[in-house]
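Subject: Structure handover

Hello,

Here is the structure I promised to pass on. My notes on domains and cavities follow below.

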Amino acid sequence: MQSIMEVRPILSAMWRNKVGACLIALQIAVTLAVVVNALFIINGRIEKISAPVGIDVDNIFTLTTVALSTNQDPEQLIKDDLAQIRAIPGVRDAIPVLTYYQSGSARADSYRGVPEPNDDLEILSNINYTDEHGLAAMGIELIEGRFFRADEISYITPDYNGVPTKVIVTETLGRKFIPVGPIAGSNIYYDTLGIPIEIIGVVSDIATGWIASDRVSLADTRYNVMLQPYLIYRSRTSYLVRAEDGLLSSIMPQVEAALLESEPNRLISRMLTQSEVLERSYANDYATVVVLIVVMGLMLLITGLGIVGLASFSVRQRTRQIGTRRALGAKKRDILRHFIIENILLTTLGVILGAALTYLVNYLLATHFGSEQLDPRYLPSGMILVYLLGLIAVFGPAHKAASIPPAIATRTV
Amino acid sequence: MMAYHLKLAWLSFRKTPVMSSLIIGAIGLGIGVCISLLTVYVLMIKDPAPGFSDRLFTYKLDNQAVETAETSTAMKHPLVGYRDAMNIIKSDIPVNQSLHYQTAAVIYPANTNQSPVTERLRLANAGFFAVHRVPFLYGSPWTDADEMSDPYQTVLTRALNETLFAGENSVGQSLKIGPNHYKIIGVMDDFKPMPLYLETDGGAFNEITGALIPFSLTPVLEMRKNGGSTRCRSDPAEDTFAAFLETDCYWIHHWVELASADDVARFTQYLDDYGLQQRQFGRFMGNAMHEVHGVLSWLEDRQVVNQDYRILLSVAFLFLLVCLLNCIGLLLAKFLGKSSEISLRRAVGGSRKMIFRQYMVEVTLIGFLGGCVGLLVAASGLVGIRALYRNYEQLTHLTLELSGIAILLAIVSTIIAGLFPVWQVCRLPVSQHLKSQ
């Protein structure tokens, strides 16, 4: 009973300063709309950035090397280099690679699980090369079958146009070719070549080179990696090196030095840890998260200050009224509660407007900028945040109001 | 009169320093955030070839091996293959044509103290320089005749010339690129079309770096494209580069300069006719509908502006809205706090119009100061953006134009926010605050 009777004078006090109240309600509404949509987008991006990558990100780096003298045999150079790298204490293993994993630069080809050409069954695969050290170098698991043997790795020239007779696929890719039953031992086919290509092994999922892409057409293919047993020198070649736990930063210069010592007539470039590669691939998503957090924070700050301003203004305007109430027996607690309830009512008005505005903003973002449709579970979180903001903001002025001495009621000035 | 208004406005600031700073600060923050993001956006969407972008065109061919009534857009490739490029360039409809692609090579400085470096290498025809209006610091590019008779010539970008020759005029000197020696015949001046409309597949805001050599060397040097995309519809018949050139692989950039709308229509027709003619080889079996794009429509098609960025820009404007709503409240409080002074002025003869003018001047001044604060905020915002987006280096410069827009936006939005408070102030009854209580 008491609370209902309290609400009426609060509402009439708000009505007296309806412009101020409306302005704050509008600010709260816009803030809610932005906060909810921002939290939704941020969460989506963070999920995207945290997608598992498969290889041992913390301990891997990749480098590129170019031979400067024309009388080096590229095949021998690669084999010697890898032997050199593997001999360094602290290096767990190393393999030759065609492209840097998850870098946005990738070789893609479509293969299918049936011999007859069939456009609907073509599966886009991210091709990368490896030698027999792939499991240890990438930190992946063998799930079925076996890995390549040393005698199955061959050196190819840049214009090589054949397909391998044996490949290894990730579990996800394997299941797309062979929906049921064992994948290892099955055959896949390429283009119009009738040659069966045997899947000799299945490994744990590895993220493709286009993992950071937003293209809807690529969404289903993010773990479609196929390993082929080749070494290649296309005017340059790249090696992936995995360090023992924690030794990545110390072995990187050692690897560079060892390669330059064994063959000084060369260039070594683009030495990137896998974390750096991922940072660059996800740079856009990361930036979106940071900018949204900054703008969201500033908006909450400005709205909070606005609430402080309005509350202080009301307190100043109603000083006599408050003093009178205190003189008539209201406790400090009652005054405090009055202002808190007023703030909650105002925030509620803002939140109701804001909820509608949230959906409007989300609709506009979705239709014009391809954003996703809002998951309604984010709305309550945004509302709680906004209520908390209001309460924190109003506390100072409410406290000041409660400290107004009853004696004010009796003063004439 | 204006000086009087300004003086009163200034005095009013001094009397309520905290509140005035809050208002200016809020506007500054809102404007600053918007302008930082807007700067990058404006540079992302502006015409990269002002003055001649309406004459430049590129195209997408629709090459399908199977006769079908559909035109799937996936079939239309934004790059062209070697065979088609060599055929289409024979057309005399365009005023000029540009063919180019990039790769990488090791460059050996003549100065043996400097070690060899891997640099970008661009194979471009003579028309490339004319079509894209490439400016030269020293020397000049090769001619069509040179491409056939004397192709071992090179043009350096300004940056490479700085690295190798400390910016001096290196024309006439010899440079070893990869296994061959080239005569330097020219050095480019700064050439930074933004976005890089002529090559969007390697990074639309990248710069052209390294050295350039004639496109006619493509079958000779056998260097595959590096730094962009190559898409093949089928595999080459043999293991050779020559076979690769014959295959339906798409990797070359082809831009043409067309003098009039008529010529655009004629060129489009030419492409269609070319497609029909190629049908005898089992190519272009689809509807043979080709797309011809001008510079701006190409940038749209290639989706050069990041959608995420548009979302951020919208959120920034919503932030400005909240800042302005805040300002309305603050301005109201500030102005109404002076009700007694206003009533007094009215009582001694000041007209409503004068009060209105006074407060509009004050609001404009607040807007101007807010805009200045906004520029400072924007400058730091741009530093932050540069740190977040690695390749937006060229896009994060606060131009004079945008600074002007910032101040104007600040003034206009503050005036709009101030309209209600000023109206309220003008409505104050004369006598109310003259009473002692």
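Chain B is assigned domain 1 (2-47 + 306-435) and domain 2 (62-289); the bounds come from an automatic or database domain assignment. This is a predicted model, where local features need pLDDT of at least 70, side-chain atom pairs count only at pLDDT 80 or more, and totals for chains, interfaces and linings use all residues. Residues are numbered from 1 along each chain as its sequence is written, chains are lettered from A and ligands numbered from 1 in the order written, and side-chain values use heavy atoms, with hydrogens and water left out.

**Between the domains of chain B**

The C-alpha centres of domain 1 and domain 2 of chain B lie 50 Å apart. In contact (heavy atoms within 4.5 Å) are 7 residues of domain 1 and 6 residues of domain 2. The buried area is about 580 Å², meaning accessible area (1.4 Å probe) that the two parts lose on being put together, summed over both. Carbon and sulfur atoms give 59% of that area. On the domain 1 side, Met44(B), Asn391(B) and Gln394(B) lose the most, together 66% of what that side buries. Salt bridges between the two domains number 0 (a side-chain nitrogen of Lys or Arg within 4 Å of a carboxyl oxygen of Asp or Glu).

**Cavities**

The count is 6 cavities of 30 Å³ or more. A cavity is a set of points on a 1 Å grid over the protein atoms alone where a 1.4 Å probe fits but cannot get out. Volume is the space filled by probe spheres set on the points, which are joined across faces, edges and corners. The largest cavity holds about 160 Å³. Its lining has 14 residues (an atom within 4 Å of a point), and those closest to its centre are Leu310(A), Ala311(A), Ser314(A), Glu342(A) and Leu346(A).

Note on methods:
On a 1 Å grid over the protein atoms alone, a cavity is a set of points where a 1.4 Å probe fits but cannot get out, and a pocket is an open set with protein on both sides within 12 Å along at least five of seven lines; lining residues have an atom within 4 Å of a point.
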